[in-house]
Amino acid sequence: MIRLTSRMPSYTRSSRAGGTFFFTVRLADHRSDLLVRKVDVLRYVTRQTRDRLPFEINETVVLPNVIYAIWTLPAGDSDFSARWRMLKSLFSRNVPASEVTAGLSLRPGEKGVWQRRFWEHMIRDKDDFAAHRHMIHSAPVQAGLVNRMSDWPWSSVHRAIARGEVPAVAKVGDGYHPLPPGWRTEGAPYGSAMRS
């Protein structure tokens, strides 16, 4: 008799201590605007997390249902999962339970606010950093939320503009073409490669 067993996929995580990483962290409900409605709570819990488990936020953008970020961890530390776990947990405790939990298989203590996993990519070099930085800055335009990067209030692009690194009227680029609704790539940051 042949016994078939199902195995969970095995994820290989980057573990370079003191590394710089790009993250995609999503809400469970892709239609929610909870992150921008509760952006003050998100800021507060991010500060709490950084106080307990330090890291540098190089770039970030908060969209209604997703956070894109580039973080650099302290030398000798590679545990970004603990930081995201704390941030997500603190946020979940400080907001109402998700309105859309019907049909979700919730674990004890879960509210169904966040996707259980997140996507991470270790930044390889300055060109890789620049590409992901541009993706973060242009995400609100690509999502159809604003016409210019500088029009979105919850983005580190404003810091880059203040430093003179990005023009205040910067465009996404001539090569950008909006994706049809529901379309997903196989790779970052919109694909299915997720991390827990």
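Me: Phe22 stands opposite His121 in strand 4. Which residue is the bridge partner of Phe22 in strand 3?

Reply: This is a predicted model, so read every feature as computed. In strand 3, the partner is Ile70. Strand 1 pairs with strand 3 over seven bridges, in the antiparallel sense. Strand 4 also runs antiparallel to strand 1, joined by four bridges.

Me: Which residues point one way from strand 1, and which the other?

Reply: Start with the rule. Side chains in a regular strand alternate between the two faces of the sheet. Here, Thr20, Phe22, Thr24 and Arg26 point one way. Phe21, Phe23 and Val25 point the other way. All of them are buried. Strand 1 is mostly covered, with seven of its seven residues buried.

Me: What span should helix 4 have?

Reply: Count 1.5 Å a residue. Helix 4 has 17 residues, 126-142, so it should span 24 Å. Its end C-alpha atoms lie 23 Å apart, which agrees.

Me: Where does helix 4 bend?

Reply: At Ile136, by about 35°. A proline, Pro140, follows within four residues.

Me: Which residues of helix 4 are buried, and what covers them?

Reply: The general idea comes from the turn. An α-helix has 3.6 residues a turn, so residues three or four places apart point the same way. In helix 4, the buried residues include Asp128, His132, Met135 and Ile136. Their cover includes strand 1, strand 2, strand 3, strand 4 and helix 5.

Me: What caps the N-terminal end of helix 4?

Reply: Asp125 does. One of its side-chain oxygens lies 3.1 Å from the backbone nitrogen of Asp127. After the helix comes Gly144, with a positive phi near 80°.

Terms used. Residues are numbered from 1 along each chain as its sequence is written. This is a predicted model: local features need pLDDT of at least 70, side-chain atom pairs count only at pLDDT 80 or more; totals for chains, interfaces and linings use all residues. Side-chain values use heavy atoms; hydrogens and water are left out. Helices (H or I, at least four residues) and strands (E, at least two) are DSSP runs, numbered from the N terminus. The expected span of a helix is 1.5 Å times one less than its number of residues. The bend at a residue is the angle between axes fitted to the seven residues ending there and the seven starting there. Buried means under 20% relative accessible area, exposed over 50%, partly exposed in between (1.4 Å probe, protein chains only). Contact means heavy atoms within 4.5 Å. A polar contact is a pair of N or O atoms within 3.5 Å; within protein, one must be able to donate a hydrogen and the other to accept it, and residues adjacent in sequence count only if both atoms are side-chain atoms. Two strands pair if DSSP finds at least two bridges between them.
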